Amino acid sequence: MSTATADTHTEHDPHATNTGISNTKLAMWLFLGTECLLFGGLISTYLLYKTRGNGKTLPTDIFDIPFTSVSSFVLLMSSLTMVLALSALQRGDVERSRGWLLTTAMLGGVFVGGQVYEFTSFYREGIGFTTNPASSAFFTLTGFHGVHVSLGILMLMSLVVASMQGRLKPQNAETVEIVGLYWHFVDIVWIFIFTVIYLIPAE
Amino acid sequence: MAIIEEPLALESGQADIAERPLGVMTRPQEGNGWRDWLSSVDHKRIGIMYGVAAMFFFIVGGIEALLIRTQLAFPEQGFLSPQLYNEIYTMHGVTMVFLFIMPLAAAFANYLIPLQIGARDVAFPRLNALSFWIWISGAIFLNSSWLVGGGGADCGWFCYSPNSGVIFSPSHGVDFYAIGLLIAGIASLVSSVNLIVTVLNMRAPGMTLFRMPVLTWMLLVTQFLLAFALPVITVALFLLLFDRVFDSQFFDPEAGADPLLWQHLFWIFGHPEVYIIILPSFGIISEIIPTFSRKPIFGYSFMVFSGIAIGFMGWGVWAHHMFVSGIGPISVLAFSLSTMFIAVPTGVKILNWLATMWGGKLRFTTAMLFAVGTVGMFTIGGLSGVTHALAPADTQQTDTYYIVAHFHYVIFGGGVMGLMAGAYFWWPKIFGHMLNEARGKIHFWISMVGLNLTFGPMHVLGLQGMSRRIDTYSEGFGFAFWNLMATIGAYIIAISVAYFIYNAFRSRKEAVDLPNPGPDPWDARSLEWSIPSPTPAHNFDEIPTVESQDEWWHRKYAFDENNNVIRIATPEEAAQKGDGEGVHLPSPSFWPLVLAVGLPLIGYGIIFNLWLCVLGGLLTAGAIYSWALEPVDDPNAGHGHGDHGDDDDPDDHSDDEGDAVAVGADDSAGDA
């Protein structure tokens, strides 16, 4: 009987057969690992195509580095507010946590708004999605990132609503932490994208 | 996505009806009718559904193969038009890779991983159901292009640009290919994350990583490969889709785009995919060969590390598919070398299987025959693979039937034969009755003859210079004889598959008069044999405590003072009784199915009418929120003590642990 054998061995380390990280958090880490390859593929595509203008204007010819620097700064600051939201909830301060979550979502919203502004101004200056390989790669890379930020905002707003309904209690802090992992990842990816697109000169 | 799984769910045992939001359905309860299969979150039922659906697509892909072979049986036939021929070989490849062999491996992974590590279910039961339903909706979507898309994709399974562009492929076939594979990719990605978490976090006490069965190890490596390979093809497919639907410029050479981009992205996915196909089979035969040799696997740690090595090295060989694409001599040299190196861990495995059999008391059951056949056939395919590593030889072989011969020996001879071995081996555990052994052996020999007669001659045809993907050939080329042989072989394979299906149904009918095979009909070695057949819904009455590799074998046998093996317990004595009293299982849910219905609607919307996207999007989003808000447990079902060994995290809901709500212990999971 399995019970008999189990009784003779009681000294097993309970943590030897799991990672000590909760299932949901481990799943989010793995998911973010796969996202690295998604953005890796998109960034590689942009690097390959960034100078292929087909005789037309390149995104690198017309972008506005100061403007995007400001919106990048806003996105990075949202990581700070995300940490504050988590820390507040862990301390049991639900109200303040809700406020920081809302702030994080709004900062993310400012970033996405900046992206929409940038896209429309590009379009007005003659660079659309179909203009040349460089523009296709630019809009796809930054667009995928924008969609990720938007989904993050959706998650944050869901947390805010849950918090208002009284469902987000201090013992749910890990849920906020996991959304936070996603949010920080999206920010870190933007640091790479910003560097690759805006800071590395195109010969 | 973890956020979907559980942000707002209630704690186990605290189901508070007052907090249930409006419009959220009660969670269904597990039963035995067909509806219960639609909402089931039981990893065993999901595994069986994967298996049945995969066999269905095996028949679909097989019919496509027979059409190809019928067209090529004689020179200058007009049985299929060139366009239809292109569509058929493309869909044959896509179907066999994405809709047959990957899901069949997923069937084994779903069914066996929790049993082999001593768990009651996977880490995220609802996500597991979601993977299955998304996969099948993607599969149906992909094949619906025959009906509504103006024909199948016609660009080969690798769909090289610019052939895949709207100019050269004007029908919607390639759109269906891109979206269908994106949907199926979501399924595999979710499943891989789920199974990795399961293996890393949910092992029974004492089941350290290096006590896990080799099959679980190989499946774990496979899931890592899936998790990291799929995002790359996701990028490629999005770029292709944007080119076709939104006129972007990724693969338009006239606009200065580089068609090699597609080839690189595709094969960075495509080569790990080869190992995704073959590693589960390697794992399966690593369970079967020791069992029927009555010896532990030779060099367990070598087996595990060679599997891991294949997993890593599989990322560094992709450009050997591109030796004639103009990637430059340095790249060719580097990938040529890395390709030769990857033969080393594979060779280690073959050596270890042979050494396991060496000196063993061999029993040639059907499963063992298929396993040994796998080793032999895979070795043939592996050796012709090494000849592709030599770039000068490969330059001659590229796009000839020699390549077709190679990968069919690997995928059919190595992959499918191994999975068939697994089917015969685990059939009694899954369905509670054996597959008839006499008929099984006939099935094996028909398969072997068919396989070698189909794919063996293709080596000759390839070396004679017959091109792949060519819809016919002329009388005087000297291809006629071997093509006819290959066609006869293909029909023999078809007979073997039909015979297997016949055997499955016939054995089921005959099993009524036969006694239950018992928990352990093969005298096997791993934990899934320590529970009754078919597996009870709750898997283990009590989570076992593991003390060694081959734990189950050590519960049956010991060594006496002269170091001879003696039996200490019969399987019936050592096995658990299948009494699920007080065990709590996760409640079923309909939302995975609803969510999965939304995705193909979005797909049709992208192709035909964007309003459908809105409908599909609403359905998907609604399902996600309903999923997140539905109570973890059905409040009406009973509650009791689960075995949360180290579950000290209040947020870690019982849904993730796989032990939430009591179900009837008599609920048979094996009732197909």
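Let's start at B:Gly518, which sits in the loop between helix H16 (480-510) and helix H17 (551-556) of chain B. Keep in mind that this is a predicted model. Leaving aside residues up to four places away in sequence, B:Gly518 touches B:Ser533, B:Pro571 and B:Glu572. If you want a sense of distance, take B:Gly462, which is 56 residues away along the chain: the two C-alpha atoms are separated by 49 Å.

One of those contacts, B:Ser533, leads us to some backbone geometry. The peptide bond from B:Ser533 to B:Pro534 is cis, with omega near -10°, and B:Pro534 is also found in the loop between H16 and H17 of chain B. There is another cis bond to look at, from B:Ser161 to B:Pro162, with omega near 0°. That proline lies in the loop between helix H6 (145-148) and helix H7 (173-201) of chain B.

Why mention these at all? Most residues other than glycine have a negative phi, and most peptide bonds are trans. On the phi side, B:Cys159 is not a glycine, yet its phi is positive, at about 50°. B:Cys159 is in the loop between H6 and H7 of chain B, and it counts as buried because 24 C-beta neighbours fall inside 10 Å. B:Asp247 is another non-glycine with a positive phi, near 60°. You'll find B:Asp247 in the loop between H8 and H9 of chain B, and with 13 other C-beta atoms within 10 Å, this residue is partly exposed.

Now let me zoom out to chain B as a whole. Chain B has 21 helices and four strands, and 59% of its 672 residues are buried. Of the contacts in chain B between residues at least 6 apart in sequence, 83% join residues at least 24 apart.

What about the inside? The largest nonpolar core has 243 residues, and the ones that touch the most other members are B:Ile101, B:Ala236, B:Leu265, B:Ile288, B:Ala371 and B:Ala421. Which helix gives the most to this core? That is helix H8 (residues 214-246) of chain B, with 24 residues. For a close-up, pick B:Ala421: beyond residues up to four places away in sequence, its contacts are B:Ile284, B:Ile285, B:Ile288, B:Ala367, B:Phe370, B:Ala371 and B:Thr374.

A helix I'd like to show you is H11, residues 329-357 of chain B. At 1.5 Å a residue, its 29 residues should span 42 Å, and the end C-alpha atoms are 43 Å apart, so the two agree. Its buried residues include B:Val332, B:Phe335, B:Ser336, B:Thr339 and B:Ile342, as well as B:Lys349 and B:Trp353. A quick reminder for reading that list: an α-helix has 3.6 residues a turn, so residues three or four places apart point the same way. Covering the buried residues of H11(B) are, among others, helix H9 (260-293), helix H10 (300-313), helix H12 (366-389) and helix H13 (391-397) of chain B. After H11(B) comes B:Gly359, with a positive phi near 75°.

Over to chain A, which has seven helices and zero strands. With a radius of gyration of 22 Å, well over the 17 Å that the globule rule gives for 203 residues, chain A is more spread out than a compact globule. Its C-alpha trace spans about 80 × 40 × 25 Å along the principal axes. Buried residues account for 42% of chain A. A:Ser150 has 16 other C-beta atoms within 10 Å, so it is partly exposed.

Finally, confidence. The model scores ipTM 0.92 and pTM 0.90. Chain B has a mean pLDDT of 88, with 89% of its residues at 70 or more. Over residues 1-24 of chain B, though, the pLDDT is below 50, and that is also the case over residues 635-672 of chain B. For chain A the mean pLDDT is 90, and 91% of its residues reach 70 or more. Residues 1-12 of chain A have pLDDT below 50, and this stretch has 13 contacts in the model beyond near neighbours in sequence. Where pLDDT is low, the predicted coordinates should not be read in detail.

Methods:
Residues numbered from 1 in each chain as written. Chains lettered and ligands numbered in written order. Predicted model: local features only at pLDDT ≥ 70, side-chain atom pairs only at ≥ 80, totals over all residues. Helix = DSSP H or I, 4+ residues; strand = E, 2+ residues; numbered from the N terminus. Rg over C-alpha atoms; globule rule 2.2 N^0.38 Å. Buried ≥ 20, exposed ≤ 12 C-beta atoms within 10 Å, placed from the backbone. pLDDT = per-residue confidence, 0-100. Contact = placed C-beta atoms within 7 Å. Expected span 1.5 Å × (residues − 1). Core = buried A, V, L, I, M, F, W, Y, C linked by C-beta atoms within 7 Å.
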